[in-house]
Every structure is written in structure tokens, then in C-alpha cells.
Amino acid sequence: MGRTLFDKIWDEHVVADLGDGFALLHVDRHFITDAGSKALMEMRRRGLAMRNPELAFASPDHSVSTTPGRGDLNANSIRLVGNLRQEAAARGIRLFDMGSGSQGILHVIGPELGLTLPGALVVCADSHSCTHGGLGALGFGIGASEFVHIGATQTLVQQRPRTLRIRFDGQAAPGVTAKDLILHTVGVIGASGGTGYAVEYAGEAIRALDVEARLTLCNLSIELGAKFGLVAPDEKTLAYVRGRPYAPAGRDWDAAVDHWRTLYSDTDAAFDREVVIDAGLVVPQITWGTSPEQVIGVDAAIPDPAQLDGDRQQAARAALDYMGLEPGQPIAGTPIDWVFIGSCTNSRLSDLRAAAAVARGRKVARHVQAWVVPGSEGVKRAAEAEGLDHIFRDAGFQWREPGCSMCVAANGETVGPRLRAVSTSNRNFAGRQGPLARTHLASPAMAAAAAITGTICDVRSLQEPA
């Protein structure tokens with residue numbers, strides 16, 4: 001019997017089989033945010049040293065200000081960032097600090113710097129660590145107690161999940177992005193449809209995606225309820241990793257490539273569950289409620305809760321009430337107040353290019369506040385080298401410093417009460433972007449289109465034919 005991609009990576013990291021489906025796993029990369037500094041302080045309180053500080057990498061991202069010049073750090077950010085700096089220096093942890101040229105959202109800089117590698121086991125005290133699966137790594141989020149265990153031992157106890165393959169048949173239509181594919185999938189199988197599974201994304205439409213798009217796809221695995229999401233590495237993956245600062249080089253590169261080319265699901269591998277999505281039927285997506293599973297095509301009408309049953313009906317009524325929407329009305333044309341282009345989901349260079357292509361030569365609607373927050377100092381630098389910052393500024397967007405920003409409503413960067421935002425982030429929960437804020441998730445191009453028109457609209461009406 002063949003093995004799945006997940007099985008191969010998991011088996012390579014087992015230090016000890018603990019029985020009943022549990023194993024002690026070796027951790028290859030431990031990413032630490034400013035919020036993670038709390039766990040470092042707990043290790044200090046308990047007198048615990050880092051077992052392998054050379055495998056830990058830190059960067060402030062969650063609480064930092066993204067205001068140009070960063071002159072408005074609040075007390076919480078000053079404390080968290082200060083603790084991170086102190087602990088990193090004391091423990092020999094590599095810190096990519098603000099102004100270093102490499103600071104950014106850890107799920108952006110990990111792949112960007114070549115720290116995230118195919119077949120690696122990558123953890124971070126952040127649930128969207130599944131992002132790293134876009135490179136064929138086994139990435140997942142951890143809690144505070146798990147952080148301490150990893151810090152002290154470089155290992156972690158985990159229960160082996162079941163396996164789920166989601167296959168995207170056919171080709172995505174023009175104007176349809178990885179964000180649309182994964183939002184559509186969350187809508188199809190639900191926010192708990194992947195609970196207890198490691199998800200592998202496969203099929204023609206996935207092979208056609210570039211690596212940054214695959215990172216976006218895997219980022220929302222947790223919104224399916226899945227802790228892990230992976231795409232098998234291929235020649236695109238190798239081309240992306242080659243030459244990055246922390247990637248192997250020389251003979252080490254050759255040996256790594258030989259191994260990475262074995263990381264795929266065998267043709268006779270059995271998955272516990274399989275789901276097939278027709279990629280050709282997916283249109284640009286927009287969420288309408290307060291869960292990523294409450295999503296529709298931008299050409300559809302807002303669902304009527306009366307057509308749903310049980311808990312879904314009650315949840316839909318509550319979501320529509322919170323979002324201030326009426327069932328049966330077209331979602332397109334809904335006026336918006338804010339646009340946020342950023343987050344670990346969609347703040348990479350390709351994302352900014354897609355948004356800039358829509359914004360070029362146009363103006364943000366007068367009543368709309370629109371922000372672009374690059375995912376890293378590297379992304380910001382590359383975007384500015386291409387002139388994307390000028391396109392955004394000329395259109396009326398704010399061009400800001402790297403960080404998580406409005407995705408987590410950190411450092412006062414929030415959407416106001418009952419104001420409506422189109423956001424390229426990953427969660428539209430009630431209050432996620434600020435008290436009573438109303439969030440619609442979409443792709444960067446869809447968000448840029450909303451900023452220009454002042455409404456939720458089908459970006460395809462603003463895009464030039466291929």
C-alpha cells in the first residue's frame with residue numbers, strides 16, 4: 001500500500017511512537033511572533049533553556065503599528081516587542097526586527113527567506129501556520145504549553161490525523177484566484193468539514209497555481225477546521241526555494257532536491273476521505289456572514305435563512321442581522337466603507353500586483369478608506385522597486401508598513417462599528433476587525449475593485465480580457 005504525502009512527512013519526524021495514534025515529533029522550524037514572547041517569558045519563569053535556539057526564528061508582526069514610520073506603537077506593542085527582543089538576544093534566537101530589511105508576518109517571511117522548506121515540520125503559536133503547506137511543509141499552529149515543550153525539547157506530542165484529499169478538476173476561469181478556490185471549498189464542505197484531517201490539495205487547478213497562490217490556499221485550511229494543509233512540491237516549488245537566504249546550497253541543495261522529489265502521494269495511496277471540486281465552475285467569491293463558510297459567488301444573491309435548516313438557519317439569521325444585510329438581495333452593489341489588502345493570506349508580491357492591476361489609473365471612491373499593508377519588508381521593497389506603491393498612492397490607497405494590521409485589529413488598526421470592510425484576510429468573525437465591524441473576505445483583486453467602485457462588485461467587470 002502506498003503512502004500519502006502527509007504520511008511520508010509525518011513518519012520522517014517521529015521520534016517515538018507513543019501508541020493510540022500519538023507520536024513524539026521532531027520540530028524543524030519554530031517561528032515566534034511578538035505574541036509568542038509571553039511563552040518565552042514563561043520559560044524564563046520556569047528556568048527552561050531553549051533546546052535548539054538555532055531552529056527558532058522570531059519577528060514582531062501581530063501587535064506592531066503599520067503606520068508609515070511606525071511612530072504610534074501602543075503600550076501593549078512596546079511590551080510584547082520589548083520582551084521578544086530581550087528573550088531573542090538572551091537565548092540566541094534569530095530575530096528579524098523592524099528595520100532589519102527582513103521583518104514581516106512570519107507566514108510570509110518563512111517561505112520568503114527559505115526557512116520553510118519542503119518536507120519540514122514547521123510550527124508557530126498561530127493557527128494559520130498551515131500556510132507553510134503551500135511549499136510541501138507540514139505546518140501547524142501550537143498553544144502556549146506546546147510552545148514551552150518545543151522550546152525545551154525541540155519535540156512535540158501530536159495525534160495522527162486522518163487524511164483528506166481535495167482535488168480541483170479542470171482549470172480555474174480567468175479572474176478566479178486561489179483565494180476564490182479555497183473560499184468556495186470552505187463553503188462547500190463547511191468550517192468543520194476538515195476537522196480531524198490533514199488536507200492535501202491536488203488536481204489540475206492546483207498544479208497550475210504558483211507557489212504564492214498555494215500558500216494562500218493552504219492558509220485557509222484552518223477555516224475548514226483542518227490543522228494541516230499541503231500541496232506536494234514540484235518543479236515550481238524547487239524554483240521558488242532555490243537561492244533564498246536560508247535555503248540549502250551546493251551539495252546540500254542537490255541532496256535536498258533528491259529527497260524533495262520523493263514527497264508526493266503514491267498512486268496507490270489511500271485517503272480516508274476524498275472531495276472533488278470542479279474548478280471551472282468557481283467564480284470570484286465574497287463572504288456574506290460571520291464565518292468563512294458563509295460565502296457565495298459575487299454574482300449570487302444573499303441566502304435566505306428560511307431555505308436552510310437547523311443550526312445553519314439560526315446561524316444565518318444571526319449573521320445577517322450582524323452584517324446588516326437582507327436575504328434575497330444581490331451581494332453585488334452592497335456599499336462598503338473600508339478595504340484592507342494584507343494579512344498572511346494575501347500580502348505577498350503577487351497579491352499586490354493583482355490589486356495594483358485593478359487600481360492602476362483609477363481612484364478610490366471618496367467615501368472609502370483603503371489600506372495596502374505588505375506582508376514583509378522584503379515584499380514592500382520589491383513592490384516599491386516595481387512602482388506598485390505609486391499606483392496605490394495615486395489611486396488613493398494608504399501604503400503602509402509590514403505587519404498583521406487590521407486582520408487582527410491590533411494596535412488600534414480597526415474598522416469602526418457597523419462599518420463594512422472588504423478584506424483579503426482569513427476570518428470574518430463578529431468583531432474580528434473591531435467591535436461591530438462587518439467584514440467580507442475576498443481576493444486582492446476583488447478588494448481593489450470594491451475600493452474603486454465603493455461597493456462589492458465583480459472584479460471581472462474591471463479587468464482587461466486576457
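Ala, Val, Leu, Ile, Met, Phe, Trp, Tyr, Cys and Pro count as nonpolar here, Asp, Glu, Lys and Arg as charged, and the others, Gly among them, as polar. What you're looking at is a predicted model, where local features need pLDDT of at least 70, side-chain atom pairs count only at pLDDT 80 or more, and totals for chains, interfaces and linings use all residues. Residues are numbered from 1 along each chain as its sequence is written, and side-chain values use heavy atoms, with hydrogens and water left out.

Q: Which helix gives the most to the lining of the largest pocket?
A: A pocket is an open set of points on a 1 Å grid over the protein atoms alone, where a 1.4 Å probe fits, with protein on both sides within 12 Å along at least five of seven lines; lining residues have an atom within 4 Å of a point. Here 27 residues do the lining, and Val176, Thr177, Ala178, Ser350 and Ala354 lie nearest the centre. Two or more residues come from each of helix 6 (178–189), helix 8 (211–219), helix 12 (349–359) and helix 15 (444–453), with helices (H or I, at least four residues) and strands (E, at least two) being DSSP runs numbered from the N terminus. Six of the lining residues, the most from any element, belong to helix 12.

Q: How many nonpolar residues are in the lining of the largest pocket?
A: Sorted by class, this lining has seven polar residues and seven charged ones. The nonpolar count is 13.

Q: Which residues are the closest to the centre of the second largest pocket?
A: This pocket has 15 lining residues. Helix 6 turns up here too, supplying at least two residues, as do strand 14 (295–297) and helix 11 (310–323). By class, the lining splits into eight nonpolar, five polar and two charged residues. The ones closest to the centre are Gly187, Glu293, Gln294, Val295 and Arg312.

Q: Is Ile296 buried or exposed?
A: Ile296 sits in strand 14, and its C-alpha is 8.6 Å from that of Leu183, which is 113 residues away along the chain. Buried means under 20% relative accessible area, exposed over 50%, and partly exposed in between (1.4 Å probe, protein chains only). At a relative accessible area of 11%, Ile296 is buried.

Q: How many residues apart are Asp266 and Lys8?
A: Their side chains meet in a salt bridge at 2.9 Å, N to O, and the rule asks for a side-chain nitrogen of Lys or Arg within 4 Å of a carboxyl oxygen of Asp or Glu. Lys8 belongs to helix 1 (residues 5–12), while Asp266 is in the loop between helix 10 (250–260) and strand 12 (273–278). Lys8 is buried at 8% relative accessibility.

Q: In which helix do Glu384 and Lys380 both lie?
A: This is another salt bridge at 2.9 Å, N to O. Glu384 is partly exposed at 30% relative accessibility, whereas Lys380 is buried at 14%. The two are four residues apart, about one turn, in helix 13.

Q: Which residues do salt bridges that share partners join into one network?
A: The rule gives a count of 19 salt bridges. Through shared partners, some of them make one network of Arg3, Asp7, Asp11 and Arg160.

Q: What is the relative accessible area of Gln154?
A: Gln154 has a positive phi, near 65°, and is a residue other than glycine. Its place is the loop between helix 5 (144–153) and strand 8 (155–159). Gln154 is buried, at 2%.

Q: What value is phi of Ser405 near?
A: Ser405 lies in the loop between strand 17 (398–399) and strand 18 (420–423). This serine is buried, with a relative accessible area of 0%. Its phi is positive, in a residue other than glycine, and near 55°.

Q: How far apart in space are Pro233 and Arg29, C-alpha to C-alpha?
A: Pro233 is in the loop between strand 11 (228–230) and helix 9 (235–241). At 13% relative accessible area, Pro233 is buried. In sequence, Pro233 and Arg29 are 204 residues apart, and in space their C-alpha separation is 18 Å.
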